[in-house]
Amino acid sequence: MNVIQEWLGSLGTAFLHLLIQPYYYIAIIFIALYYRRQVALERKLIHVKLHSWGQETWRTVWSGLVMGLVVSIAAILLGVSLSGTAVACIWVVSIVLSLLRVRYLCFAYSIGLLGVIQFVLSFFPDALHSGTVGNITTAIREMDIPALLVLAALLHMAEALLARWQGAKLATPLFLKGKRGMVVGGYQLQAFWPLPLFLLIPSGAGTDLPWQPLLGGGLGIVSLPVIIGFSEMTQGMLPGRKAARTSGRLLMYSIVLLGLSLLAAWWSPLTLLAALAAMVLHEGLSWYSALEERSISPIFVHPPRGRKVLAVLPGSPGQELGILPGEILLKVNGVLLTDAAQLHEALRMNPAFCKLEVQNREGESKYLQSPIYDGDHHQLGIILVPETDGAVTAEAKPSSIFSIIAMKTGTRSRHLPNGRLKRNKATEAKKGSAEG
């Protein structure tokens, strides 16, 4: 009974610290800013929003809470431990790394780097023992790096599951500059989740656990808020397929890292190898994904007959008809489509009703019809792939932390010959007013 009371008391203290510390709130604010920027990017490119930044923030918060509980239970059973000073060290390193690239906010980089620093400090056992710097170096020396790398592996398992379940839903359609200078369609799959974790304190700082944990740890709990997430961009795959591939690779990475970390916990000389693998293998995932994208042809380009669908607005007539990204609008009210302007003109032929001939992803035709009501999107909620001479494109690279905070969408206006840029801008302005 005393053990249970002590543990509940420690859990309550850790939860209070979670509420008092700024890290969890920083994570939520960062995620809210990212989704606000995502909405701004959608309005800039397609003049409507596919997502609600409030709803997406709430989705990531509650799913992060659930996954944080799962990871915490797994980490406690394994005996992963962490001191309060180490929490601050991990977060400071993560924030500094994120200034270089957002994906470096991942704890695999911060824990891996701290593992390398710990290895270097082992050559200077008598250095840096006083003052603030001494406290920080002492905290780094005392970190159980193999156990923390196990935690990083568990976090990537959680990330793989969340990417599989929610990745495609959070995808943003983009207009990108292709290899030959022509504009093509694509998707950005970028998402973040805040996870509040509760971990054991280091062994010796509290009472022994009722069971024998694999990685040590005492009877006491400390809170550690973390951010997990992934960032991908694709021109050659549908969002669901890209999210599934990313999820599978993250799962493989987490299994390899988990195995190396457990071996390092059993034989400490492997700690440096595990720390380096955490960073190098994670960077390899990004490199391989970019290489894969360069090796495949864009799929979001218009065919000779018809116009390809890039996205469909939620709750729109197009979604109710079952039109999917990657399908091709062949005819609208009997008119064969050869450019984007014809879709709007064909729909105006019968303002109250429309008939569509659509070619699905398997190349088969399907015939659809639907009434049109006042207030419906002027293109039934269908976002077409951009024309090859489109005027506005987005940067084909992940967001930076500065662009997220400053709400910079990263879109660029192309300088087209013969004043076509001005005409395209005027057309976009008319479309925007019609949709408003």
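The model is predicted, so local features need pLDDT of at least 70 and side-chain atom pairs count only at pLDDT 80 or more, while totals for chains, interfaces and linings use all residues. Residues are numbered from 1 along each chain as its sequence is written, and side-chain values use heavy atoms, with hydrogens and water left out. Helices (H or I, at least four residues) and strands (E, at least two) are DSSP runs numbered from the N terminus.

**Packing of α7 with α9**

- Helix α7 (residues 145-166) packs on helix α9 (residues 271-295) at an angle of about 25°, with the axes 9 Å apart; axes are lines fitted to C-alpha atoms, for helices over the stretch in contact, and angles run from 0 to 180 degrees between N-to-C directions.
- That angle makes α7 roughly parallel to α9, given that angles under 35 degrees count as roughly parallel, over 145 as roughly antiparallel, 65 to 115 as roughly perpendicular and the rest as oblique.
- The crossing of these two helices, α7 and α9, is left-handed, a term used if the near helix is turned anticlockwise from the far one by less than a right angle, with right-handed used if clockwise.
- On the α7 side the contact (heavy atoms within 4.5 Å) is made by I145, P146, L149 and H156, and on the α9 side by T271, A274, A275, A278 and H282.
- The residues of this contact comprise six nonpolar, three polar and no charged, where Ala, Val, Leu, Ile, Met, Phe, Trp, Tyr, Cys and Pro count as nonpolar, Asp, Glu, Lys and Arg as charged, and the others, Gly among them, as polar.

**Packing of α8 with α9**

- Helix α8 (residues 239-266) meets α9 at an angle of about 165°, with their axes 9 Å apart, and the two are therefore roughly antiparallel to each other.
- Here the crossing of α8 and α9 is right-handed, and the residues in contact include R245, R249, Y253 and L257 of α8 and A278, H282, L285 and E292 of α9.
- The contact of α8 with α9 divides into twelve nonpolar, four polar and five charged residues.

**Packing of α3 with α7**

- Helix α3 (residues 53-78) and α7 pack at an angle of about 145°, with axes 10 Å apart, in a right-handed crossing.
- Among the residues that make this contact are R59, M67 and V71 of α3 and L154, L161 and W165 of α7, and the contact as a whole holds 13 nonpolar, two polar and one charged.

**Helix α2 and its aromatic pair**

- The 24 residues of helix α2 (residues 23-46) should span 34 Å at 1.5 Å a residue, and the end C-alpha atoms are 35 Å apart, which agrees; the expected span is 1.5 Å times one less than the number of residues.
- Ten aromatic pairs are counted, on the rule that rings of Phe, Tyr and Trp (its six-membered ring) pair if their centres lie within 6.5 Å, with planes under 30 degrees apart counted as stacked, over 60 as edge-to-face and the rest as tilted.
- Y23 and W91 form a stacked pair, 5.3 Å centre to centre with 20° between the planes; Y23 lies in α2 and W91 in helix α4 (residues 84-98), so the pair ties together parts 68 residues apart in sequence.

**Positive phi values**

- Most residues other than glycine have a negative phi.
- H47, which follows α2 in the loop between α2 and α3, has a positive phi near 70°.
- N333, in the loop between β5 (328-332) and β6 (335-336), has a positive phi of about 55° although it is not a glycine.
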